[in-house]
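Here is a short report for a first look at a structure. It covers salt bridges and a helix pair.

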Amino acid sequence: MPDGWHWDSTLFQGSAAFYERGRLPYAPGFAESLATVLGLDGRGRLLDVGCGPGSVMLAMARFFTETVGVDPDEDMLAEAERQARRRGVTNARWVTSRAEDLPADLGEFRVVVFANSFHWMDRDRVAATVFELLEPGGAFVHMSDLKDQYGESVPQPRPQSPSDPAPPNAEIRELVRRYLGPVRRAGQGTLPNGTPGREDLVLEKAGFEAFARHVIPAGQVVERSADDIVAWVFSLSHSAPHLFEDRLVDFERDLSLDLA
């Protein structure tokens, strides 16, 4: 886990309701690409650890007999269940648990996926647990935005035309700092140095082999309203609604002014 930081249950408190509208979608076709790479044929079981509202798991469900989503945030799992009903996914179930406390009675899995969640965990401990949960020939899948060999995000081109302006990210970051202070917040703690990378080293230590990296291009411009951007800000751990306490209304007002 990040040095000097300890997980607590308020990490994403209040964020679940903003995920569907606020978070950018994964690259189109990611589910089909993973199915092809992994040779999925509708059999076997999928475990999504830190599943949040089920964005990845529900897209992958048709390639498995059963899918299991694990997350410590009950609001996230309630949203995942709602999304499953809306999409007509019937082979999904949900378990409230931290990754470090994965119950031994979950059985074996063909694929275990971490979609932008592994960095919040005791990675050595969780990787070792997953190694034992995988069936022979199973796969550990780590999904994230595009990163370089050092684990740093690769900047992506942004639209610059007046008709397609990029969100005012610098102004948003400054506004969050003005309300919450200069050090990035995370639950009841702070993350002055961010979260760790180099997942490849963690997995190698746990006994995993035959690593393969697959880049799935997105390519599309996503049009977003001011309300979509507000939802995105509240979906993030370092600007989750609870962090603003009695200044939440003031922050949302000032954020909306920045986006006007």
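## Terms and model

Buried means under 20% relative accessible area, exposed means over 50%, and partly exposed lies in between (1.4 Å probe, protein chains only). This is a predicted model: local features need pLDDT of at least 70, side-chain atom pairs count only at pLDDT 80 or more, and totals for chains, interfaces and linings use all residues. Residues are numbered from 1 along each chain as its sequence is written, and side-chain values use heavy atoms, with hydrogens and water left out.

## Salt bridges

The whole structure holds 18 salt bridges. Each is a side-chain nitrogen of Lys or Arg within 4 Å of a carboxyl oxygen of Asp or Glu.

One of them joins arginine 62 to glutamate 32, at 2.3 Å from N to O. Glutamate 32 is partly exposed at 39% relative accessibility. Arginine 62 is exposed at 51%. Another pairs arginine 253 with aspartate 254, with the closest N and O atoms 3.2 Å apart. Here arginine 253 is partly exposed at 45%, but aspartate 254 is buried at 14%. Salt bridges also link Glu20, Glu79, Arg82 and Arg86 in a network.

## A helix pair

Helices are DSSP runs (H or I, at least four residues), numbered from the N terminus. Helix H8 covers residues 226-234 and helix H9 residues 248-259. Their axes come within 10 Å and cross at roughly 135°. Axes are lines fitted to C-alpha atoms over the stretch in contact, and angles run from 0 to 180 degrees between N-to-C directions.

Key
Helices (H or I, at least four residues) and strands (E, at least two) are DSSP runs, numbered from the N terminus.
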